[in-house]
Amino acid sequence: MTAEHYSLVGDIGGTNARFALVEQGSVQPRAIEVLPCRDYENLDQAVVAYLERAGVASVRQACLAVASPVRGTQVRMTNNHWRFDTEVVRQTFGWSAFKVINDFTAMALGVPHVPDANLVHVCGGPGDPGRPKLVMGPGTGLGVSGLVPIRNGWVPLMTEGGHVDFAPTDDLEMDMLRILRARFGRVSVERILCGQGLLNLYQAHAEIRGVAAPLDAPEKITAAAVDASDALARETLRHFCEILGRTAGNAVLTLGSLGGVYLCGGILPRFLEFFLESPFRNGFEDKGRMRPLLEFTPVYVVTEAYTGLLGAAEALGNPEV
């Protein structure tokens, strides 16, 4: 197959680059490959390697979602060594067009294309499909985006909503804020609601209680919480879910996203059963006079592994991106 048949889409993070092909007019990724970024000196090498694996000589255009800010033509990946100029890459491969978008913008654009089987209902509903959708999720950081409906599709919002202030609601959280402020200065919700943030939260809980914090990685805390082998880890993860609920509820009120909340990223599906039984819902709906609004808003966990690729494919034909 040649340039007339396929476009290239990709979702590039700090560790892995996911590539796929899409046919013209489609958003369904084909020939998905996951390549470790460390194995390639630059983006060009990875693209060449992928196209060889896919058995495709060339493609007509490309869209890549990247875990970094996107400004102008210069792209510097936040958590890996790749640097590239979009126009130089476009000319090198002879593409008619080359879009680069933020990875969470792609996540948002992919959400409407996720099949119902890969959406787990958490709470709320029925919602209003004519209103904006909130897309957020903890991962390496806390991504926050949104989708605003237009006549024939969606406009994604590029936000830094993960960096809003952490707002304590009780004495325990006031103590947490004091501890985290001593470490970081200003404390955003991302200091808590991400992989490293879970470790920060665990260590703060231990300090407040005057006990040891032997677990030294977020995945260890999650595992110990799920199998109930560590009471501090379990309480920490429950608290993490509650704060995520409050933060999501705040964002719904700000954005007016009665179209639903879509929780993305790789963290939540790893402890989905625990999450569904957690205080997330209490945190999400506890908005005083606005509680009915939050109860009306459906919340889903997105378990689709390639939402970012779906979004990159959507972005190819979306003039608003």
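Start in strand 3 (residues 30-36) and select Ala 31, which lies there. Helices (H or I, at least four residues) and strands (E, at least two) are DSSP runs, numbered from the N terminus. Phi of Ala 31 is near 55°, a positive value in a residue other than glycine. Most residues other than glycine have a negative phi, and most peptide bonds are trans.

This is a predicted model: local features need pLDDT of at least 70, side-chain atom pairs count only at pLDDT 80 or more, and totals for chains, interfaces and linings use all residues. Residues are numbered from 1 along each chain as its sequence is written, and side-chain values use heavy atoms, without hydrogens and water.

Next, select Gly 125 and Pro 126. The peptide bond between them is cis, with omega near 10°. Pro 126 sits in the loop between strand 8 (119-123) and strand 9.

Now zoom out. The chain has eleven helices and 13 strands. Its C-alpha atoms fill a box of roughly 60 × 45 × 35 Å along the principal axes. A compact globule of 321 residues would have a radius of gyration near 20 Å, and the chain agrees, with 20 Å. That radius is taken over C-alpha atoms, and the globule rule is 2.2 Å times the number of residues to the power 0.38.

Select helix 6 (residues 218-226) and helix 7 (residues 231-255). Their axes come within 8 Å and cross at roughly 100°. Helix 6 is therefore roughly perpendicular to helix 7; that label covers 65 to 115 degrees. Axes are lines fitted to C-alpha atoms, for helices over the stretch in contact, and angles run from 0 to 180 degrees between N-to-C directions. Show Ile 221, Thr 222, Ala 224, Ala 225 and Val 226 in helix 6; they meet Ala 233, Arg 234 and Leu 237 in helix 7. Contact means heavy atoms within 4.5 Å. By class, this contact has six nonpolar, one polar and one charged residues. Ala, Val, Leu, Ile, Met, Phe, Trp, Tyr, Cys and Pro count as nonpolar, Asp, Glu, Lys and Arg as charged, and the others, Gly among them, as polar.

Leu 172, Glu 173 and Met 176 of helix 4 touch His 239, Ile 243 and Arg 246 of helix 7. Three of these residues are nonpolar, one is polar and two are charged.

Which elements each supply at least two residues of the lining of the second largest pocket? Strand 9 (133-138), strand 10 (142-150) and helix 7 do. Helix 7 gives the largest share, seven residues. By class, the lining has eleven nonpolar, eight polar and three charged residues.

Conventions:
Angles under 35 degrees count as roughly parallel, over 145 as roughly antiparallel, 65 to 115 as roughly perpendicular and the rest as oblique.
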